[in-house]
Amino acid sequence: QGGGCTYLLAREFCLGSSHHETFFYILLWVAAHIPLITLVGLIGFFAFFFRGAIFQSGTEQRKVQDSFIYLLLFLQVSLVPSLAVVGKSNLYDADRHFLFIYPPLALLASVGLEQILAHSQNKKQSQIFLNLGFISLLVSICLLHPYQYVFSNELMSPFTSNRNTSLDYWAFSATEAVQQSILNGGLPLQP
């Protein structure tokens, strides 16, 4: 990893070299790193938003306010990656560059999850499914601690390994690797 290149799911991306590379990397990165429960919520949000189901209750003024808020959130989520693609930004890894789109993604996803529960025929099963999604995320993060940045969601984690994805961020685990090599007799520690 270096020189503007990174690995994600067995593909090397030299970002900033073309619009296509940057766009594909962003899509693949989001598909791999956004928690599954958030993806389900976002799908629910857009499904109910385009059906108009989100705006069924409330006054006309409230519907206009909600529409404006959702538009602003959607613009924040879509414009930032779009500007990165158009500007052929050198992203290295999308995590640190896209931290500011997570809050609106979480808000839109929470509205989508609420709509899924509200329109569910079997509310008990839907609540169990959503709770399992949250528990799965919590367990994954706890198991990865202190290396949470290598998180891949449940759909992509079977395809993510140290052989096909850049898992170390700025040599964060180098100290631990050196300690393990001393203990296990691996890696010569010569300059």
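Colleague: How are α3 and α5 oriented to each other?

Modeller: In this predicted model, helix α3 (residues 60–86) and helix α5 (residues 102–119) pack at an angle of about 130 degrees, with their axes 9 Å apart. Angles over 145 degrees count as roughly antiparallel and those from 65 to 115 as roughly perpendicular. The two helices α3 and α5 are therefore oblique.

Colleague: Which residues of α3 and α5 make the contact, and what is the hand of the crossing?

Modeller: From α3, the contact draws on Tyr 70, Leu 73, Phe 74, Gln 76 and Val 77. On the side of α5, Pro 104, Leu 105, Leu 107, Leu 108 and Val 111 take part. The crossing of α3 and α5 is left-handed.

Colleague: How do the residues of the contact of α3 with α5 divide into nonpolar, polar and charged?

Modeller: Leu 73 and Phe 74 of α3 are among the residues in the contact, as are Leu 105 and Val 111 of α5. By class, the residues of this contact are nine nonpolar, one polar and no charged.

Colleague: In what order do the elements of the protein chain run from the N terminus?

Modeller: The secondary structure of the protein chain consists of seven helices and two strands. Read from the N terminus, the order of the elements is β-β-α-α-α-α-α-α-α.

Colleague: What percentage of the accessible surface of the protein chain belongs to carbon and sulfur atoms?

Modeller: Of the 191 residues in the protein chain, 32% are buried. The accessible surface of the chain comes to about 12,000 Å², and the part belonging to carbon and sulfur atoms is 66%.

Definitions and conventions. Residues are numbered from 1 along each chain as its sequence is written. This is a predicted model: local features need pLDDT of at least 70, side-chain atom pairs count only at pLDDT 80 or more; totals for chains, interfaces and linings use all residues. Side-chain values use heavy atoms; hydrogens and water are left out. Axes are lines fitted to C-alpha atoms, for helices over the stretch in contact, and angles run from 0 to 180 degrees between N-to-C directions. Helices (H or I, at least four residues) and strands (E, at least two) are DSSP runs, numbered from the N terminus. Angles under 35 degrees count as roughly parallel, over 145 as roughly antiparallel, 65 to 115 as roughly perpendicular and the rest as oblique. A crossing is left-handed if the near helix is turned anticlockwise from the far one by less than a right angle, and right-handed if clockwise. Contact means heavy atoms within 4.5 Å. Ala, Val, Leu, Ile, Met, Phe, Trp, Tyr, Cys and Pro count as nonpolar, Asp, Glu, Lys and Arg as charged, and the others, Gly among them, as polar. Buried means under 20% relative accessible area, exposed over 50%, partly exposed in between (1.4 Å probe, protein chains only). Accessible areas come from the Shrake-Rupley method with a 1.4 Å probe; for residues, only the protein chains shown count as cover.
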